[in-house]
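Please have the sequence and the model open while reading.

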Amino acid sequence: MSAATPTSPALSKAVPAVKAPTLAATGTRSRRRAPAPARILAFVILAVLALAWLTPVLWATLTSFKNEAEAAAMPVTIVPENGFTLQAYVNVLSEGLVPRWAWNSLITSAAVTLITVAISALAGYALSRLRFAGRQMLITLIVASIMIPGQILIVPLFHLMLNLNLVDTYWGIILPQVVAAPMVFILKKFFDQIPFELEEAALMDGASRLRILWSIVLPLSRPILGAVAIFVFIGAWNNFLWPFIVVNDSNLMTLPTGLQTVISAYGIQYAQNMAQAVLAALPLIVVFMFFQRQIIKGIATTGIAGS
Amino acid sequence: MTTTSPTVPRPAGAQAARRPSGGKTRRRTPQAWLFLAPFVIFYLAFMVGPMIWMFVASFFHTSTVESGLGQFAGVENYAEMFAREDFWSALWHTLQFTLYTVPPLVIIAFVMAVLTNRAVRGQWFFRLAFFLPFILPSATISLIWVFIFTPKTGLWSLPATRLGLDVGNGILSDPRTAMIGIAIATIWWTIGFNFVLYLAGLQEIPRELYEAAAVDGATPLQQIWKVTVPLLNRTTGLVILLQIIASLKIFDQVYLMTNGGPGVSTQVALGLITVTAFTDNRIGAASAASVLLFLIILVIAIIQQIVTWASTKREEVS
């Protein structure tokens, strides 16, 4: 490993507001030239940490491809002696309801994402651009509710769903999740930074506010809309507590809540348990592979994370 | 966990941005409420309304079996909570969890970020390794860690026996160690978030500072201690406070890994609330417990506001 390479450009791309180190700036030598033993030690620590962090996922994935006997075998075998098998996945997927739960998760998470982005963008635009009585009060309220975790409200929300007859329905899962004060605030802040001159001309030409939002502001806000959508989707997919409370009918369960009900039925079927763990995470790993940069950038710049 | 820190990305041409509050935009636009209506209706229905109802119900013997608020209870629900041993133990377990997780989640994340930032190649790989667990569902991470903590055949038994620890019936089945097991799984799961915040903070430190320190003869370790750590103070403050609030609302991994057990040794506040509300059907008592948890979070949020405000003040002065 060379001692004078500048910071990887990939990372500087991931984090905005960073001056990309030019090649000429290899004056990093003074900083990089740590004594060789220190550099080696630093690398060893980093490698050990990375290994420790990857092992659980790798081991779970590996186990899911073993047969049950070997999954519980001691000493642990790295490469299964009887070869890899998809039996655990076949067993889990033939468990009738798993595809159904995956579908429920997909539908409810997509609906939460769509509704949240739509209502948050509308509200964020109004708070950023329009003047009305009570504006300041509303902004204060929204900012104040950022710190309140939704989990606090499960008891009254369940009671409300009971009265609205929404227990054991898709809407019961979806509706309480669409109120995302942080997302409204993040979008408002972003809209604040867009030069008003762009809209002024359109206003002069008599375009409506809604039209301006749709054809001028939103196209300019694609990166932040994308980040918000990804985080809302991940948050909704991973939400365990609320679907767990509001759904009892096993046909309507989401993947995380449904899987939990069959774990105990499997007992010590390790390969099957690990196949479930992998299946529940698979859609998110796909999302992560596609949007890794936006996800990391979103956290780095706004501190947002799914609920 | 949904949180936000003050910085927000800038769109292209942000330099030309102008506060819309100035000049021509001042005129009032009544249609604003049309834009706000969808959000505000949901906000009132699923946040403000339930919040108010929760406060009211905490003073009644409300239950799921009969409609309405039920009989007036005065402060009985609160008195009951304060008198209940499992309420205090749930709070204690939450504190215990906070104490176990916050230091590693700050220190290890910092070390990861500093080392990754200095790594000459393969940064993408380290970012992936440290961040990946963060996006996994709680259902997945709980399954994986229960498997890892399986006595004898679990992966955990390898280093544990090497270190001379008695694995016994497994870390999760012993009341003294179950919370440690949950803490280890949580640290592994959520550290990626702090890691990314630190990495972003590190990127903003100008290299000239390190160069100047190096010219003055500071060793790399001194550079980290005297330059990096102080400059990342704000990130560290943010990370700690977000972590404390996150600790107060843990539920998933506890429920899925130990279900509060063995006994009630890992029962946390939200676990107690769900049991009271949905197993015992005592909505009023559960509302009182929720209000108390809410007040604790409120106090911490206010402290955070004061700390942020004070540190901004200090920066303005200096």
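## Backbone and packing features

A:D168 lies in the loop that runs between helix 8 and helix 9 of chain A, where helices (H or I, at least four residues) and strands (E, at least two) are DSSP runs numbered from the N terminus. The model is a predicted one, in which local features need pLDDT of at least 70 and side-chain atom pairs count only at pLDDT 80 or more, while totals for chains, interfaces and linings use all residues. Residues are numbered from 1 along each chain as its sequence is written, chains are lettered from A and ligands numbered from 1 in the order in which they are written, and side-chain values use heavy atoms, with hydrogens and water left out.

Most residues other than glycine have a negative phi. A:D168, however, has a positive phi near 65 degrees, and A:N165, in the loop between helix 8 (154-163) and helix 9 (170-174) of chain A, has a positive phi of about 60 degrees although it is not a glycine.

| Residue | Relative accessible area | Class |
|---|---|---|
| A:N165 | 65% | exposed |
| A:D168 | 26% | partly exposed |
| B:S142 | 3% | buried |

B:S142 belongs to helix 5 (residues 138-148) of chain B, and its side chain reaches the backbone oxygen of B:S138 at 2.7 Å. Not counting residues up to four places away in sequence, B:S142 touches B:Q253, B:L256 and B:M257, a contact being heavy atoms within 4.5 Å.

On a 1 Å grid over the protein atoms alone, a cavity is a set of points where a 1.4 Å probe fits but cannot get out, and lining residues have an atom within 4 Å of a point. A volume is the space filled by probe spheres set on the points, which are joined across faces, edges and corners.

The second largest cavity has a volume of about 60 Å³, and its lining includes B:F87, B:L91, B:A269, B:I273 and B:L292. Helix 3 (85-118), helix 12 (269-279) and helix 13 (283-317) of chain B each supply at least two residues of that lining, and helix 13 of chain B gives the most, with four residues. By class, the lining of the second largest cavity has ten nonpolar, no polar and no charged residues, where Ala, Val, Leu, Ile, Met, Phe, Trp, Tyr, Cys and Pro count as nonpolar, Asp, Glu, Lys and Arg as charged, and the others, Gly among them, as polar.

Technical notes. 1 Å grid on protein atoms, 1.4 Å probe; cavity = no way out; pocket = protein on both sides within 12 Å on 5 of 7 lines; lining within 4 Å. Buried < 20%, exposed > 50% of the residue type's maximum accessible area, 1.4 Å probe, protein only. Polar contact = N/O pair within 3.5 Å; in protein donor to acceptor, adjacent residues only side chain to side chain.
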